[in-house]
Amino acid sequence: MKIPKRMAGAVIHALQGGVVPRIGLQYIAVGREKEIEALLNDIEVMADGGASFRFISGKYGSGKSFLLQTIRSYAMDRGFAVCDADLSPERRLSGSNGQGLATYKELMQNLSTKTKPDGGALTLILDKWINGIRSVVAAESGLELTDPAFHKQVEKKIYHVIDSLSTLVHGFDFATILKLYYQAFINDDMALKACVIKWFRGEYQTKTEARNDLGVSICIRDDDWYEYIKLFAMFLKQAGYQGLIVLVDELVNLYKIPQSITREKNYEKILTIYNDAMQGKARYMGIVMCGTPQCMEDPRRGIFSYEALRSRLTDGKYCDGKNNMNAPIIRLEPLRYAEMRILVEKLAEIHSVLYDYPQRVTAEDMDRFIQIEYGRIGADSQLTPREVIRDFIEVLDIMQQHPTSTVDGLLSGDSGFSYAPTQLEAQETVAEEYAEFTV
């Protein structure tokens, strides 16, 4: 396998720690073809001016986050901007202590594009937008960049884009800040640029602070941050991107909120976003949220406890347990035996590249490993990819670090390098430790 060692390290170390790597997914992607195909169809709808909303439901370690990161890579390759955030007690969709705004800040911090996939792409997007308009004007008019008439035509196109946004909710405020950024761009005013970026990231706490820095009495607040997400999606289309995809993981943190009123406010926010996407009020935007089956379908505290959402999301009477990939909720099924076999083979290759050693695990070893993992009681429904991956990487680590060990010995419980002391040696060790302790 041709994989850079840096990327191999990121993949192995992330999977070993039970998390999804943000790079190198193409080297370990197996299965989930139906789920990916369904989400890619949504992406085509977004690129055509529509919107979509999907839930991904699966157990811990079943591959929800992996699927999110896979779609993230696909979307950026297709010209979308992507932002993602994990919910937590400090980051929710709504809250009395700014938890909603904290989620918005996290989304903006992780705003990514194909040319800047690790987040922090806001400045790049704004500069690309202005430079794109300048290039179009230069090609159409043939004017020199230093010609005053050139700047007037650029300004005219800039304001045309801004005016198209000003008719939307909070669009006038959004347009005002864009004008300030354009002025900072042409005047090379780095201080003003930094203040505008700070405003777009939701980092102004009060209107007074925003007025002192920018001369505007507006700032993004906890109760209206989602409206600005919709505006960003529209703006990104004007800036040369296909749209915006928002990925939200760890919905279980809403399920864990102890106060029922606070939980319902968060579910009400989900309902607002869902209705906007399904009714066409949002454009060029997609939302994907991930959670466990319990946090989704628990009738007492889960999303289904909010009747307006339950009635929209529950399966129809003809579904009969079959997984409908066109439904709002995509339920992840366990990876099949053959898919896990392919995955461990890929991991063995990546591991040997990372630690630069000849691969010692044979195809027969991998077959037996998978047979043992799937031979557990309840493995068909309970075994998750995370468990299998961590077990297999552990086997690879031991094989690489202890050349005398064998896979057969490890899998049978006899590692080949463990040392069992005799009864006399064990008694002497205990006596020595006891003597040290008493001294």
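**Group meeting: cavities and a helix pair**

Okay, the lining of the largest cavity divides into 10 nonpolar residues, 1 polar and no charged. Nonpolar here covers Ala, Val, Leu, Ile, Met, Phe, Trp, Tyr, Cys and Pro; charged is Asp, Glu, Lys and Arg; the others, Gly among them, are polar. Keep in mind that this is a predicted model, where local features need pLDDT of at least 70 and side-chain atom pairs count only at pLDDT 80 or more, while totals for chains, interfaces and linings use all residues. Residues are numbered from 1 along each chain as its sequence is written, and side-chain values use heavy atoms, with hydrogens and water left out.

By cavity I mean a set of points, on a 1 Å grid over the protein atoms alone, where a 1.4 Å probe fits but cannot get out; lining residues have an atom within 4 Å of a point. The volume is the space filled by probe spheres set on the points, with grid points joined across faces, edges and corners.

So how much space lies in the largest cavity? About 70 Å³. Its lining includes Leu-93, Trp-225 and Met-289, and helix H10 gives the largest share, 3 residues. Helices (H or I, at least four residues) and strands (E, at least two) are DSSP runs, numbered from the N terminus.

The second largest cavity holds about 40 Å³. Pro-334, Tyr-374 and Val-388 are among the residues lining that one.

Methods
On a 1 Å grid over the protein atoms alone, a cavity is a set of points where a 1.4 Å probe fits but cannot get out, and a pocket is an open set with protein on both sides within 12 Å along at least five of seven lines; lining residues have an atom within 4 Å of a point.
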